[in-house]
Amino acid sequence: MFVSNSGRIVIEPRNWWLKNSYEYSKKPTPKGFEISWQVRPMFVDSYVPPQIADSSREYSTTLAQNLSNSKHTLEIVPETDGKVPIEAIRVYRPPFSNLPSKVESLKPQSSADEGK
């Protein structure tokens, strides 16, 4: 079993696929064979909306992924003039989710909506 130094990555021996590879190719793993990867952060501190080159296209941005199947809070804080450059938020639920069946409206409220 492989466990990264941070403990965030755990790979069980059955998930290495070396046995499956051998069964398929009938060739042993080469001597000195190594598996490696890189961890690349897929986030930014500030959201910058994409340039809209074609208004008929939808430009989506992944805000979060691979979250545990539990309650999470997404807080969107405007940085300058109070406008949020997000038109909608799409939420995908995993099968057998324990999330509530009804999701509160995620449409940004204008200052005129405050107090309602």
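This passage describes the fold, confidence and surface of a predicted model of one protein chain.

The protein chain contains one helix and two strands. Read along the sequence, these elements follow the pattern β-β-α. Of the 116 residues, 3% count as buried. The chain exposes about 11,900 Å², and carbon and sulfur atoms supply 52% of this area. Among contacts between residues at least 6 apart in sequence, 30% join residues at least 24 apart.

Confidence was examined next. The average pLDDT of the protein chain is 75, and 78% of the residues score at least 70. Where pLDDT is low, the predicted coordinates should not be read in detail.

Helix α1 spans residues 18–25 and includes L18. The relative accessibility of L18 is 35%, so this residue counts as partly exposed. L18 also belongs to a nonpolar patch on the surface, together with F33, I35, W37 and V39. The accessible area of these residues together is about 490 Å². K26 lies in the segment after α1. The phi angle of K26 is near 60 degrees, which is a positive value in a residue other than glycine. K26 has a relative accessible area of 59% and is therefore exposed, the cut-off being over 50%.

How values were computed:
Residues numbered from 1 in each chain as written. Predicted model: local features only at pLDDT ≥ 70, side-chain atom pairs only at ≥ 80, totals over all residues. Heavy atoms only, no water. Patch = residues over 30% accessible without salt bridge, like charges linked within 9 Å, V, L, I, M, F, W, Y side chains within 5 Å. Areas by Shrake-Rupley, 256 points an atom, 1.4 Å probe, with all protein chains shown as cover. Salt bridge = Lys/Arg side-chain N within 4 Å of Asp/Glu carboxyl O. Helix = DSSP H or I, 4+ residues; strand = E, 2+ residues; numbered from the N terminus. Buried < 20%, exposed > 50% of the residue type's maximum accessible area, 1.4 Å probe, protein only. pLDDT = per-residue confidence, 0-100. Contact = heavy atoms within 4.5 Å.
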